[in-house]
Amino acid sequence: MLTGRDGLLVEARTALVRACGAVLLGPAGVGRTALARAAVDDLPPRLFRAVWITATAASKEVPFGALGQLLSGGHPALHPALVHNTVLAALRERCGSGRTPVLVVDDAHLLDGPSAGVLLSLVQARAVRALVTVRSGVPAPDAVVALWKDVGLPLLIVPALAEDAVGALAEQRLSGPVSRSTTQLLWQWTGGLPQLTAALIDHGREVGSLVRDTDQWRWRAPLAVPAQVADLLDRELDRVGRLGEDALAALALGGPLPLPVVEAAASPELVADLEQLGMVRSEQSDDQILVRLRHPMLGAVLRRRMSPARRRRVSAALLASTPQGTTRGAHAVASALWAVHAGQPVSSAELLRSASLCLYADPSASEQLARRARERGGGAPAAVALAAALVEQSRTTEAYETLVAALRDAEAAGDRGAQVTVRVALARHRAWVGREPRQAYDDLLRIRADAEAAGDAAGRAEAAAVAVVVQLFSGQAARALHDAREFLGATPPPAGQLRVTLASVAALALTGQTAEAARVGRAAVRRSGSSALPFARGMAAAALAFAELWREPTPTGPVTDPAAGRWPMPDDPLVSGLSHTAWPIFDGYAQRVSGDRAGAISRLRDAVAQQADGEGLFRSEATGWLAITLAEDGRPDEAEAVLREHPVDAVALVPGLRPWATAAVAAAAGHRTRAARLMDEAIAVAHTSGCWLVELGYLIYAAHLDPVAGPTRYAGRIAEAIGHVDAERLVTAGRAVIALAGRNPTVLLEHAHRLVDVNMSGEALKLVDEATRTATSDSARLFVDLRTRLRATAPGDPAVAAGLTARETQIAGFAARGLSDREIADQLVLSVRTVQTHLGRAYRKLAVTSRRELPDALRLVG
């Protein structure tokens with residue numbers, strides 16, 4: 001509970017020892033009491049003795065009620081001056097001679113006036129040291145306020161925890177690493193309040209919402225409200241009255257809301273009072289003021305205690321106060337839900353539009369809206385929307401049955417358009433859920449041919465658009481690009497046009513045309529605008545980010561809602577009311593490219609867990625990239641376990657991903673020959689697919705597997721691939737490998753600096769370590785200086801923490817796995833003497849004396 005409070009704890013303790021004490025001011029649940037207890041517990045017991053007084057709402061009604069334990073028999077009729085002496089005598093008696101009394105007054109804002117006056121007089125007379133906790137946002141007696149305003153006790157503001165402190169608190173309570181997305185959820189759900197955070201963590205672990213997944217703790221359920229938190233918030237809500245709770249209920253059903261809408265449910269004065277109490281907060285957004293609840297958990301409690309009658313009444317009031325046609329985005333979703341709650345008519349088209357808007361941010365709300373649309377005659381589109389919401393909740397069997405039933409209905413009605421819609425949805429289900437993209441592509445070709453024969457242009461375009469995407473995710477980027485250009489040249493409908501344009505951006509990047517991909521991607525982002533679905537806007541940003549990943553040293557990555565992390569989303573508040581965060585799969589891969597293995601592993605673990613649910617379009621990439629990064633980090637057993645538990649399957653953007661990942665594991669395990677054979681397989685697959693960018697990456701990777709012969713073997717093919725790729729960062733890495741084949745120290749140093757300039761410190765370290773072996777005495781010093789700087793910026797590499805070179809790390813890793821000196825020498829084509837020399841240096845740097853100690857030592861530094 002005291003995580004992130006070290007500075008405040010020191011200030012409070014110092015104020016008690018060297019001055020008259022301090023006042024701890026902060027909102028409910030922020031941990032004022034825990035901080036006060038920690039501060040007094042650490043005081044020297046021979047010099048100080050603490051006496052606790054806790055003020056309550058009940059004691060406030062009685063004069064001197066809070067001081068009752070220090071007034072033998074009670075003295076309500078005494079003059080405050082006499083009570084002062086009585087209390088002081090009681091304190092001195094409890095503390096004994098030679099020890100200074102420390103009076104701790106918890107929740108001093110609830111002190112009755114006479115007790116507050118006695119506290120003030122004791123502090124003014126310097127008769128005691130006082131540590132006083134006060135809740136912010138509520139009135140406090142004048143005498144309590146005077147403690148910091150007039151007497152000068154230090155006022156220590158106890159803020160909510162920052163995100164990293166919430167993560168540290170979670171890891172402490174769970175005794176293990178916590179995914180960043182889960183940290184984001186906990187932080188935003190609780191507002192960073194330690195009391196709520198700790199209760200939510202404990203509750204999540206108890207009911208199974210928090211699970212250990214891919215070696216990290218991850219929240220895998222909707223927001224829950226622990227009983228003790230519900231009781232605490234219920235008591236707060238009981239104080240605001242019916243009108244105040246109506247205003248809060250409005251925000252719970254649709255926040256954040258424009259200020260005029262909230263004021264329509266409550267008076268402006270009441271809204272101001274709620275903000276003063278810390279229950280709501282307002283913020284400027286564009287040209288309006290939005291009001292939101294202080295944290296989502298308060299909204300969950302409000303919805304739990306909301307009766308059906310209040311839900312109908314508040315929803316109707318919200319609809320009446322919102323002008324028709326003014327709602328958009330998340331507010332449009334809220335408006336549709338209000339109509340459902342209020343029992344008012346709403347068209348199936350509006351329900352379906354809202355279901356699509358909130359599909360990825362809140363699939364349960366999307367399901368509710370789709371079901372209502374189906375009841376109102378939404379037909380095949382409603383069934384497809386319902387199936388999509390069910391898939392997002394991993395209810396895939398139910399989704400498939402929904403689509404099959406819808407197809408039967410369409411066939412019975414003879415509705416060819418509805419049949420095409422459902423058949424396309426079934427093909428998508430086969431591709432993403434069944435993981436059979438090639439078979440799904442064949443299904444789509446048949447659907448397209450049938451629609452064309454029937455003169456159904458819309459159905460043909462719908463099937464063709466999905467076919468392009470399915471082909472792209474079958475590792476056939478060049479063919480997908482050809483079909484995308486053909487499709488876009490035929491003036492397709494807007495929905496299909498955006499989908500296929502985004503597929504073409506990814507295909508352009510994979511085939512090495514990153515400049516054109518970036519140009520088309522930027523245009524797609526502009527066209528997607530605020531009117532497009534959140535998914536389309538997010539995917540447009542993601543396509544552009546991947547196009548620019550190999551072009552920009554620090555590309556701007558796509559963002560997501562932490563509750564819907566497997567999908568990229570626009571950077572505006574979504575239905576869940578949570579702020580956006582970095583998209584884990586892109587963030588992890590970008591960190592791997594820049595050389596931060598530790599950061600990459602953490603984010604990619606998150607991505608693997610996220611992509612395991614729903615459609616999981618990027619499941620193979622998340623798994624493959626995580627396994628490769630773990631292997632590069634000297635952890636082949638973990639990498640192999642990842643591939644075993646989450647295998648790379650047929651749905652993959654990157655061709656040859658499976659042999660690449662397997663090669664990385666083999667190389668880390670010391671099987672260099674097998675790794676080289678697998679990389680040749682990956683290179684061939686990429687070449688056949690026409691993916692020059694991927695092929696160049698594989699050639700560079702293969703060259704580094706054998707730093708002696710690899711650069712020479714692959715230099716010519718790398719030069720050919722560079723001629724087809726315009727991605728500056730990857731081209732820079734390729735040219736560095738070609739330079740490595742030449743073994744000119746001066747040239748290698750230049751290439752190392754170029755790699756640093758494009759933010760590829762990991763590749764630069766490989767180059768520097770190899771170049772140092774052949775450098776002259778003059779250039780060797782320059783390489784050593786550069787290596788020192790690089791290690792300060794590559795925290796994920798084991799060589800960084802312990803000062804190991806890449807070769808020392810490699811040999812130490814093999815030795816840790818049980819390989820003998822001779823076996824290592826054979827694998828790396830080195831002499832046994834050279835292996836022993838490198839291993840001896842690794843021992844010294846790791847402070848170990850035997851092979852048995854190596855695994856733990858490497859884990860510690862890695």
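Which residues in α31 meet Y698, Y701 and L705 in α33? In this predicted model, in which residues are numbered from 1 along each chain as its sequence is written, local features need pLDDT of at least 70, side-chain atom pairs count only at pLDDT 80 or more, and totals for chains, interfaces and linings use all residues. Side-chain values use heavy atoms, with hydrogens and water left out.

The residues of α31 in question are L657, W660, A664 and A667, where contact means heavy atoms within 4.5 Å. Helices (H or I, at least four residues) and strands (E, at least two) are DSSP runs, numbered from the N terminus. The contact of α31 with α33 comprises seven nonpolar residues, no polar and no charged ones; Ala, Val, Leu, Ile, Met, Phe, Trp, Tyr, Cys and Pro count as nonpolar, Asp, Glu, Lys and Arg as charged, and the others, Gly among them, as polar. Helix α31 spans residues 657-668 and helix α33 residues 692-705, and the two pack at an angle of about 15 degrees with their axes 12 Å apart. Axes are lines fitted to C-alpha atoms, for helices over the stretch in contact, and angles run from 0 to 180 degrees between N-to-C directions. Helices α31 and α33 are therefore roughly parallel to each other, given that angles under 35 degrees count as roughly parallel, over 145 as roughly antiparallel, 65 to 115 as roughly perpendicular and the rest as oblique. The crossing of α31 past α33 is left-handed, a term used if the near helix is turned anticlockwise from the far one by less than a right angle, with right-handed applying if clockwise.

Helix α33 also packs against helix α34 (residues 710-722), their axes coming within 9 Å and crossing at roughly 165 degrees. The pair α33 and α34 is therefore roughly antiparallel, and α33 passes α34 in a left-handed crossing. On the α33 side the contact involves W692, E695, L696, L699, I700, A702 and A703, which meet G710, P711, Y714, R717, I718, E720, A721 and I722 in α34. By class, this contact of α33 with α34 holds eleven nonpolar, one polar and three charged residues.

Another helix pair is formed by α20 (residues 416-432) and α22 (residues 457-472), whose axes come within 10 Å and cross at roughly 5 degrees. Accordingly, α20 and α22 are roughly parallel to each other. Residues V420, T421, V424, R428, A431 and W432 in α20 meet G459, E462, A463, V466, V469 and V470 in α22. The contact of α20 with α22 divides into eight nonpolar, two polar and two charged residues.

An open sheet of five strands shows parallel pairing in the order β2-β3-β4-β1-β5; two strands pair if DSSP finds at least two bridges between them. Its edge strands, β2 (48-54) and β5 (155-157), each pair on one side only. Neighbouring strands of this sheet are turned by 20 degrees against each other on average, direction ignored. Within the sheet, β3 (residues 100-106) and β4 (residues 129-135) run parallel and are joined by four bridges, and V104 has L131 in β4 as its bridge partner. Helix α1 (residues 6-18) lies across β1 (21-26), β2, β3, β4 and β5, running at about 140 degrees to β4. Helix α2 (residues 32-41) lies across β1, β2, β3 and β4, at about 165 degrees to β4.

A salt bridge, defined as a side-chain nitrogen of Lys or Arg within 4 Å of a carboxyl oxygen of Asp or Glu, connects D42 with R13, the closest N and O atoms being 2.7 Å apart. This pair links distant parts of the chain, with D42 in the loop between α2 and β2 and R13 in helix α1, 29 residues apart. The count of salt bridges comes to 44.

Strands β6 (residues 210-213) and β7 (residues 216-219) pair in the antiparallel sense over four bridges. D213 stands opposite Q216 in β7. The hairpin of β6 and β7 has two residues between the strands, and T214 takes a positive phi near 50 degrees.
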